[in-house]
Amino acid sequence: MDFNALYHANFKLLDDAVADWSTLVKHLEDLKKDAEDDLHQAAGKADWAGVNAQVSREFIGKTAGEFGDAHTQATSIHNILRDTRDELKKYHQQLTDAVSRGQGKKLTVTDTGKGGFTVTGNTRPDWGSDPSGNTSATSQKDVDDLRDEIQGILGKATESDNSAKDVLVALVDQSTMGFSDAGYKDRDTAAAALKEADELAKLAKKDTSELSVEDFDKINDGLKKYANDPLFAERFATDLGPQKTLEFWTGISDPHSGNYELGQKRLDQFDDLQRNLGLTLAHATQSDSAAMTEWKRTMVDIGDQPLHGDRGGPMGFQVMSNLMRTGDYDDQFLKDYGTELMATERKLTGNGGHENTMWRLTGVSSWLNRIGDDSGTDPLTGYLKGLSNSPDAATDFFNEQYVSKDDPDNPFERDTDGNGKKGKVSLSNFQYLFEERNWPKETDTHGDDLFTGQNNLALALEAATTGHPAGELPTADTPPHSADQAKLMRALVDSVSDDPGRVKDRSYMSDSLGQIGAEYLPDIHRAMADGPTVRDGKSGWNLLYPLAGTDAGLDHSAVTRFLVTVSQNPEGYAALSVGEKAYTASLMDYHLNPGLPADQRYPHDAHDTITSISRKSGEFSGLLAQGRQEAVLGPANEKDSDYDYAVSQKKNFISGFVGTGVGVGTSFIASPAVGAGVGGAAGTVTSMVLEAYYKDDSGQYRSEKGQDTATRWETIKDSTTNINYKAAHEAAKAHHADYADQIDTWVSEGTATGFNDANTDIHAMAKDMDTEIPD
């Protein structure tokens, strides 16, 4: 800090800046509230359709969020400027007081003109004495003390000024477009985060064989404390650098690293460090700073390189992918990373023609994963888990081409037109991973096969098709399905239909596939209404099953196989069954509302409406019943109690929240006249129907074990009919309908016909697949 600048400081401009930022914060707070209350919530309740449903509502939601981020960033800047201004005023006063005291002691402080200063006093030989012989108040010690005091004040002022500059620059660099959501209550908090990042990165750069237990604890505790701090995350990652990041985690996790003390004393905390490091790096990648942009580019570039160069070691992809298992990484980074990862997969497998032996666990492989049982040698396992937290990146990745049919080295041939002749085919990343990849085999400590990679594939597909992280429920802000999501959903259903073994042999994927199906119920019901007439709008079925976003354009027979296959797993069955009950109730509530605008109304009377809804509900439930029966009575030998338990777990998962998360999804259009927005929670009708279903489902099949399928079929049909009674009656009561005494007849008629439809579907499926249906 310049002596003259601080001594003669005029704080008016800084005072004005702090005042202006304070005013801006207040204005942005009002704008934030207006954007949320008047813009965002209104958009959530609006009746969007077509492109508006896919683009406008999402855009409005993000725009409203930008006002919130702008308020957060402005608040942080105001707090930093305020704290710095107050500190500099304090140091200015301290400096003024020090100079004044020196003048009282005949000491002169002089500006040297180069930012420095000197302290001088009386230099005569009799300096220090007066004519009477008394000792003067000045001495060489006074000169030194004043010099040191002033230097200390300037040092603290310099630190205050520099830390403010560092924090402000880091804050602004977080986002090149829009605003950062990094919030800090004061300057010192932000400055402490940067300081801690520098210190921990310095420790992590050490040779891991030399890291002490104390070093490990400090790094682990620091990452845990600051993992979600954006300034800390960016500074730590860029200080450490891509290469050192990979070396650090490999050196810690790999038993061949040679740090036996950490392996003995901190092995049980390696998983925590992996989570904390992954969360930190994920947060860091959200930064748009020049240093972080270079970090991301370099990390992708070194992905296919051995960690230790000519001395070998795991590839960069193998190490980094394991750090992607936690956190929400930047979408563009994940896309770039995935593109190069699959290019390396092609190179090491002959375009997918054989197993990737380089990514198979061997006796000399590095152990790179500490979260779960798998070793982490296959980088796709960790990468797919990362995609499951980043829906947009997952959608793009799966739709990206893996190999072209025009590639002379393409090993994949299929009969695509049914003429018995095979030809080269292009495959997407989805098709390669779901249908063709020879996954490296691995077992746990008990010798049982591990399928972590394939399970993570299912989780990533859940995110890619639904638009929200896997394992979570959609919210009112989750956009309706895009064209790319719908395209992937169609590819998934068609793939399962072409070869149900892709799911039957990997039933652990069914919980995700069931949730996917539950969020595409409008698309599925349109397909079961025999699509083309629905999609051209001639039948009115398009109004019976309203849809926001893009229709997946599913095929009826493919949907049949998909539902029967996925429901052979208890978790898959539970997701689809609970979703269907919620969807049926929501449709009844929606269509029996007399306030529904004429252009949204199914063009038939209440009789036809209730019968039609009940019919497709019956067909859907019949297909699920077939899947459940095949699992319980067939080779899979599932237990009915497992299905009961799965349904109860689904109830616990949604915890009373109905609507978007249990089947209606964000693709269901609810009119403002109905009182709920697109993707909004369904009303009390759905809640009451689900409660009735949970009660009815519990134990209903246990007494049927060992009985023939016909008896079980009738039991399931009766149960579905009762639930449909409940849905129609509750909807009619909610809307004061005057035909309640006719509802039971209409529901019975529709549900029975629907089960007959399901029976027809099942026999057609068996004929196509050349299998037999058990009597």
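Predicted model: local features only at pLDDT ≥ 70, side-chain atom pairs only at ≥ 80, totals over all residues.
**Exercise 1. Find what the side chain of asparagine 569 reaches, then describe its surroundings.**

Numbering runs from 1 along each chain as its sequence is written, and side-chain values use heavy atoms, with hydrogens and water left out.

Asparagine 569 is in the loop between α24 (556-566) and α25 (570-591); helices are DSSP runs (H or I, at least four residues), numbered from the N terminus.

Asparagine 569 has a relative accessible area of 7%, so it is buried (under 20% relative accessible area, 1.4 Å probe, protein chains only).

Last, list the neighbours. Leaving out residues up to four places away in sequence, asparagine 569 touches Ser507, Ser510, Asp511 and Tyr643, where contact means heavy atoms within 4.5 Å.

**Exercise 2. Classify two of the aromatic pairs by their geometry.**

Get the rule down: rings of Phe, Tyr and Trp (its six-membered ring) pair if their centres lie within 6.5 Å; planes under 30 degrees apart are stacked, over 60 edge-to-face, and the rest tilted.

A search of the whole structure turns up 19 aromatic pairs. Take phenylalanine 397 and phenylalanine 398: at 5.3 Å centre to centre and 70 degrees between the planes, they are edge-to-face. Phenylalanine 397 is buried at 4% relative accessibility, and phenylalanine 398 is buried at 0%.

Now try tyrosine 739 and tryptophan 746. Their ring centres are 5.6 Å apart and the planes sit at 40 degrees, so this pair is tilted. Tyrosine 739 is buried at 13%, as is tryptophan 746 at 9%.

To finish, zoom out: Phe397 and Phe398 belong to one aromatic cluster that also takes in Trp295, Phe317, Tyr329, Phe333, Tyr337 and Tyr383.

**Exercise 3. Which rings do the charged ends of arginine 437 and arginine 506 sit over?**

Apply the test: NZ of Lys or CZ of Arg must be within 6 Å of the ring centre and within 35 degrees of the ring normal. Arginine 437 sits over tryptophan 439, 4.5 Å from the ring centre.

Note on methods. Helix = DSSP H or I, 4+ residues; strand = E, 2+ residues; numbered from the N terminus. Buried < 20%, exposed > 50% of the residue type's maximum accessible area, 1.4 Å probe, protein only. Polar contact = N/O pair within 3.5 Å; in protein donor to acceptor, adjacent residues only side chain to side chain.
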